[in-house]
Every structure is written in structure tokens, then in C-alpha cells.
Amino acid sequence: MKKAITSRADVEELVNRFYDRVKADDLLGPIFHDVARVNWDKHLPIMYDFWCSILLDEDVYHRNAMIPHLQLHKRYPLQEAHFQRWLQLFHETVNTYFEGEKAALAKLRATSIAGVMRTKLGLLQQIQTSHQK
Ligand code: HEM
């Protein structure tokens with residue numbers, strides 16, 4: 001049965017379920033495993049804090065989420081298809097397990113943050129290209 005997102009335990013479940021899909025995904029899985037070589041024991045608690053800040057108004061995430069993506073993008077250029085898949089898996093996860101206002105907010109914020117990231121990475125690409133000319 002679907003439930004509302006009301007506690008840190010719910011957020012942890014959302015994040016864990018989402019990354020289960022990411023890890024198993026043919027397009028995104030290898031980026032996390034082989035390119036970024038993510039340490040999941042470190043990454044998952046950071047993601048719990050990130051989403052708790054957004055969904056539960058907890059003041060627990062004080063990092064810059066852009067930095068690892070800029071670093072990753074320099075080594076392995078992220079493309080539109082990667083963001084489409086990321087959002088698809090995130091929306092599917094939310095829709096499968098959760099409902100209500102916070103579930104809707106999670107999808108809305110994921111979409112808008114992905115938009116900001118794409119814009120910033122697109123700008124980075126343009127700057128790099130213009131320097132090479
Ligand atoms: C193409 C899509 C994406 C890919 C491939 C990707 C990949 C990654 C990778 C490899 C890391 C570093 C993990 C580590 O080594 O610890 C990371 C961190 C993170 N990602 Fe993404 N990501 C994507 C999209 C997003 C989006 C759309 C969001 C937000 C809605 C997001 C939120 C975060 C956050 C909060 C962190 C932790 C940053 C920190 O260190 O504080 N990512 N991501």
C-alpha cells in the first residue's frame with residue numbers, strides 16, 4: 001500500500017528504493033559503479049540528509065550538490081538521456097511506494113533540480129568548447 005512521506009525512515013526508504021533501481025539500470029548503473037565508483041555507505045546517508053532537508057524541512061544538508069556532478073561531467077560527459085532516465089526512475093519509485101503532498105513535492109523538486117543541473121552542465125560544456133576554439 002502506498003503511504004505518505006512523513007519521517008526520516010520514509011525518506012530513507014525512498015532513497016534506498018530509488019538507488020536499487022539506479023544500480024540495476026543498464027544506462028545509469030555503470031556510471032555509479034564503474035565511472036564514479038560510488039561508496040554507497042557514504043553516499044546514501046548524504047542522500048538521506050539531502051531529501052530530508054527538502055521534504056521534511058530538516059536543516060541537515062549543508063553541502064554543494066553541484067560539485068560531484070561537475071567533477072563527474074568532466075570525466076564522463078553526462079547527456080540528456082542520463083537525466084531523462086534518472087528522472088524516470090525517481091518518478092517511478094515515488095509513484096510505486098508513496099502518495100500525497102510530499103511525494104508530489106519530491107517529484108517536483110527532482111525535476112527542477114535536474115533542470116538546473118542540466119543548465120549548469122550545458123554551460124560548462126559551452127565554456128569548454130569556446131576555450132578549445
Ligand atoms: C544524470 C543524472 C545523475 C547522475 C549520473 C548522478 C550521479 C551522481 C554521482 C556519481 C554522485 C557522487 C556520489 C559519490 O561518489 O558519493 C552524485 C551525488 C549526488 N547527487 Fe547525483 N546524479 C544525477 C542526478 C542527480 C539529480 C537530478 C539530483 C537531485 C535531484 C542529484 C542529487 C545528488 C546529491 C544531493 C548528491 C550528493 C552531493 C554531495 O556530495 O553532497 N543527482 N550524483
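A polar contact is taken as a pair of N or O atoms within 3.5 Å; within protein, one atom must be able to donate a hydrogen and the other to accept it, and residues adjacent in sequence count only if both atoms are side-chain atoms. The structure is a predicted model, in which local features need pLDDT of at least 70 and side-chain atom pairs count only at pLDDT 80 or more, while totals for chains, interfaces and linings use all residues. Residues are numbered from 1 along each chain as its sequence is written, and side-chain values use heavy atoms, with hydrogens and water left out.

His-69 is placed in helix α4 (helices being DSSP runs of H or I with at least four residues, numbered from the N terminus). Through NE2, His-69 is the only protein donor of the iron atom of the ligand, at 2.0 Å (donors being N, O and S atoms within 2.8 Å of the metal, or 3.2 Å for Na, K and Ca; water is not among the atoms, so sites may look incomplete). A polar side-chain atom of His-69 also lies 2.8 Å from a nitrogen atom of the ligand.

For Arg-63, the separation between a side-chain N or O atom and a ligand oxygen is 2.6 Å; for a polar side-chain atom of His-43, the corresponding value is 3.5 Å.

Helices α3 (40-56), α4 (66-75), α5 (80-97) and α6 (101-132) each contribute at least two residues to the shell around the ligand, and α3 provides the most, with five.
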